[in-house]
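Good morning. Please look at the slide first.

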Amino acid sequence: MPQKYDGLRSFLAECDKLGEVTVIRNADWNLEIGALTEAASELIDEPPALMFDEIQGYPPGFRVLSLPAGSRVRMAIALGLPPDTPKMEIVRLAAQRLKGAPPIPPKEVATGPVMENIMRDNEVDLLKFPVLKSHREDGGRYIGTGDTFLNRDPETGYVNMGTYRMQVHERNLLGIWQSPGQQGRLIAERYWKQGKACPVVATFGGDPLLFFLSHTKFPFGVSELDRAGGMLGAPVEVIKGPITGLPIPAHAEIAIEGEMPPPDVESRLEGPFGEWPGYYTVGSKGTADHQPVIRVKAIYYRNQPILLNMAPQWPGAPHHAVRFEGGILWQQLEAAGVPGIVGTYVHHMFLVVVAIKQQYAGHAKQAGMAVLGCSASARNGRFVVIVDEDIDPSNMDEVMWAMTTRVDPATDIEIIQNCWATPLDPRMPPAQAADGPHTNSRAIYYAVRPWAWKDQFPPVNRIGKDQRDAMVKKYAGQLPFLRR
């Protein structure tokens with residue numbers, strides 16, 4: 001059954017019971033927290049969540065949390081699943097819940113913990129919180145890494161929730177970078193075309209499920225708040241923003257209300273910033289460029305607030321032990337009519353793997369093309385790998401085995417041109433990144449047994465899963481088996 005969490009704190013309390021949280025004191029917001037977060041993620045298999053307190057220059061209780069989803073156990077807890085749920089089972093159950101749970105709209109409440117402290121107008125000061133500078137070449141301090149950003153479409157009334165990086169320019173001014181085509185950006189542009197500022201809300205710390213859903217790609221018009229309620233089994237409690245009228249998650253740690261003026265009215269140099277591909281790729285030369293801003297009119301925050309650090313790291317030091325996006329893609333592929341899906345997984349954002357049980361000639365190609373059309377995987381990709389049902393898509397050893405033994409390069413790799421991309425793609429030529437079009441090519445690897453002689457393909461010599469599980473259970477006290 002889904003587990004209702006009332007925000008980040010009850011999630012952390014459950015994690016702490018299982019020894020999943022480590023407190024670190026007296027760290028520096030300037031580079032040190034960012035470096036320690038990356039080192040822990042890179043060098044420790046499924047590291048603990050890192051709670052930084054007594055940060056240099058800040059009073060006790062103004063905290064930063066890193067790696068909230070850095071272990072399979074914490075990912076399961078965030079989704080309301082038993083802590084011992086295996087990795088691919090997490091993805092499968094998330095897909096089932098997205099598909100089967102009816103959306104539950106948020107519940108408006110009069111107030112909530114996020115309103116324990118209020119700063120308005122001249123009181124607003126974003127640097128009251130230990131905002132991080134995470135990478136040496138970052139152009140400033142970024143509060144918007146583990147954030148949710150909400151704005152309302154002026155034409156339909158749809159409230160979108162997304163995740164975008166936000167740089168602190170001044171005590172009441174944020175810079176924001178939104179890739180072309182992102183829904184939050186499209187909504188803002190509709191206001192700008194009318195010569196109006198776009199009202200916005202942003203939170204910096206809250207229910208981990210809300211954060212997961214905010215940076216997952218749903219079709220336009222699909223409410224992330226409604227989906228979160230469905231997955232939790234209860235409505236998300238929200239407060240009507242006193243300034244914008246937008247919903248503010250009542251149990252958020254820190255929230256702001258403000259507006260984004262048209263860029264021709266106000267913009268600022270923003271960046272550079274070390275982004276999720278592992279590079280500085282902002283602007284045409286990886287340097288600062290002019291981007292929209294958010295004029296912050298109010299800040300609301302809980303006592304002893306927790307700022308969520310999700311500053312991107314190079315892909316070898318991931319924030320997530322399990323890529324939740326695979327569950328969204330699984331649901332979308334089935335909704336698109338692709339049968340026989342037995343697993344999906346997203347590796348390092350640029351590599352998508354889908355396992356199918358082949359049912360007819362052309363089935364693998366149908367699945368590969370569908371991946372390019374699903375909103376969960378249409379943008380930012382590079383490689384799509386279709387594998388048979390005996391391959392675990394989350395296990396790169398198995399995926400590489402399939403790619404190196406079931407792919408004939410001359411016949412089983414297909415190149416698709418002019419796919420939707422982002423200027424953050426480090427392989428995009430500088431002039432194209434600056435001026436567009438923001439497209440790239442994709443390679444689809446059909447790493448499946450060829451349908452025409454599938455039954456004659458050599459049988460594998462690997463032990464069966466039932467054998468492996470039996471041996472792990474029998475000898476667990478003598479050998480330190482690491483379950484994936």
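Start with Arg190 and Asp153, which form a salt bridge with their closest N and O atoms 3.1 Å apart. A salt bridge here is a side-chain nitrogen of Lys or Arg within 4 Å of a carboxyl oxygen of Asp or Glu. Arg190 lies in helix H5 (residues 183-193) and Asp153 in the loop between strand E7 (147-152) and strand E8 (159-162), so the pair ties together parts that are 37 residues apart in sequence. Helices (H or I, at least four residues) and strands (E, at least two) are DSSP runs, numbered from the N terminus.

This is a predicted model: local features need pLDDT of at least 70, side-chain atom pairs count only at pLDDT 80 or more, and totals for chains, interfaces and linings use all residues. Residues are numbered from 1 along each chain as its sequence is written, and side-chain values use heavy atoms, leaving out hydrogens and water.

Is Asp153 buried or exposed? At 2% relative accessibility, Asp153 is buried, while Arg190, at 25%, is partly exposed. Buried means under 20% relative accessible area, exposed over 50%, and partly exposed in between (1.4 Å probe, protein chains only).

Next, Glu253 and Arg302 form a salt bridge at 3.9 Å between the closest N and O atoms. Both residues are buried.

Lys17 and Glu14 also form a salt bridge, at 3.5 Å. Both sit in helix H1 (residues 8-17), 3 residues apart, about one turn of the helix.

The count comes to 24 salt bridges.

Last, Trp314 is partly exposed, at 40%. Trp314 is in the loop between strand E18 (306-309) and helix H8 (325-335).
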